[in-house]
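Reader: I would like to go through a model with you. Could you take my questions in turn?

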Amino acid sequence: MSIKEEPLDQIGRRIWQIFENESDEITIFHFLDRDEIDSVAGYFELANYPAGAVLFKEGETVNYLGILANGKLEANHHPTIGDKPIVIAHLEDGAHIGGISHPGGRPAMASIIAEEASELLVISEDKFNAFADSYPVIAVKILKGIIEVLTIRLESAIDRVILFY
């Protein structure tokens, strides 16, 4: 992973671009206005991954949140039977990966691989906690956005399981 220190306004612009590009989609920034996005921007860093890079492997501890700003990622899971991974999802701009809800991180349920060169906005668990201490109302709005995205993902997964029965 290559993390670049970018000027605050550039990261804020990248977050705003995600919001504008995905305006008809629900993203974790869905409930934020421009000033709130500017407040959170300084806590993020830009990370670049070449095509084929493994961001993290299933079972590894993940203690950061990454938002795909540009590129494509694949999420795959290795079943207990067989040796071929099952593709769970293809993630595009605005999607988020990782987690910040469990102290010390939690094991990843899937491996994440860059299908093409990808740029992510990354915030560590520690930085998110510092942000939440300084801006609790905005942090709650981001967590509401995460809950909404996860609810949509769960509904989609349930629909796929139902198709098999």
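Predicted model: local features only at pLDDT ≥ 70, side-chain atom pairs only at ≥ 80, totals over all residues.

Reader: How many helices and strands does the protein chain have?
Author: The protein chain has four helices and eleven strands. Helices (H or I, at least four residues) and strands (E, at least two) are DSSP runs, numbered from the N terminus.

Reader: What share of the residues is buried?
Author: Of the 165 residues in the protein chain, 39% count as buried. Buried means under 20% relative accessible area, exposed means over 50%, and partly exposed lies in between (1.4 Å probe, protein chains only).

Reader: And the accessible surface of the protein chain, what does it come to?
Author: The accessible surface is about 9400 Å², and carbon and sulfur atoms hold 56% of it. Such areas come from the Shrake-Rupley method with a 1.4 Å probe; for residues, only the protein chains shown count as cover.

Reader: What percentage of contacts joins residues 24 or more positions apart?
Author: Among contacts in the protein chain with a separation of 6 or more, 78% are between residues 24 or more positions apart. Contact here means heavy atoms within 4.5 Å.

Reader: Changing topic: how many salt bridges does the structure hold?
Author: The structure holds two salt bridges, each defined as a side-chain nitrogen of Lys or Arg within 4 Å of a carboxyl oxygen of Asp or Glu. In one of them, the side chains of K141 and E36 meet at 2.7 Å, N to O. That pair links distant parts of the chain, with K141 in helix α4 and E36 in helix α2 (residues 34-41), 105 residues apart. K141 counts as partly exposed because its relative accessibility is 25%, whereas E36, at 11%, counts as buried.

Reader: What about K127 and E45?
Author: Their side chains also meet in a salt bridge, at 3.4 Å from N to O. K127 lies in helix α3 (residues 125-134) and E45 in strand β2 (residues 45-49), so the pair ties together parts 82 residues apart in sequence. K127 is partly exposed at 31% relative accessibility, and E45 is buried at 19%.

Reader: Is strand β5 mostly covered or open, and which strands does β5 join?
Author: Strand β5 (residues 64-70) is mostly covered, with six of its seven residues buried. Six bridges join β5 to strand β11 (residues 118-124), and the two run antiparallel. Three bridges join β5 to strand β8 (residues 96-98), again antiparallel. Two strands pair if DSSP finds at least two bridges between them. For I67, the bridge partner in β11 is L121, and I67 stands opposite H96 in β8.

Reader: Where is N70, and what does N70 touch?
Author: N70 lies in strand β5 and is partly exposed at 42% relative accessibility. Leaving out residues up to four places away in sequence, N70 touches R14, D93, A117, S118 and E119. The C-alpha atoms of N70 and E116 are 9.4 Å apart in space, and the residues are 46 apart in sequence.

Reader: Is S111 buried or exposed?
Author: S111 counts as buried because its relative accessibility is 6%. S111 sits in strand β10 (residues 111-114). A polar atom of the S111 side chain lies 2.9 Å from the backbone nitrogen of E58. Beyond residues up to four places away in sequence, the contacts of S111 include E58, E74 and N76.

Reader: And N76?
Author: N76 is in strand β6 (residues 73-77) and is buried at 5% relative accessibility. The side chain of N76 makes a polar contact with the side chain of E74 at 3.0 Å. A polar contact is a pair of N or O atoms within 3.5 Å; within protein, one must be able to donate a hydrogen and the other to accept it, and residues adjacent in sequence count only if both atoms are side-chain atoms. Leaving aside neighbours within four places in sequence, N76 is in contact with residues including P85, V87, S111 and I113.

Definitions and conventions. Residues numbered from 1 in each chain as written. Heavy atoms only, no water.
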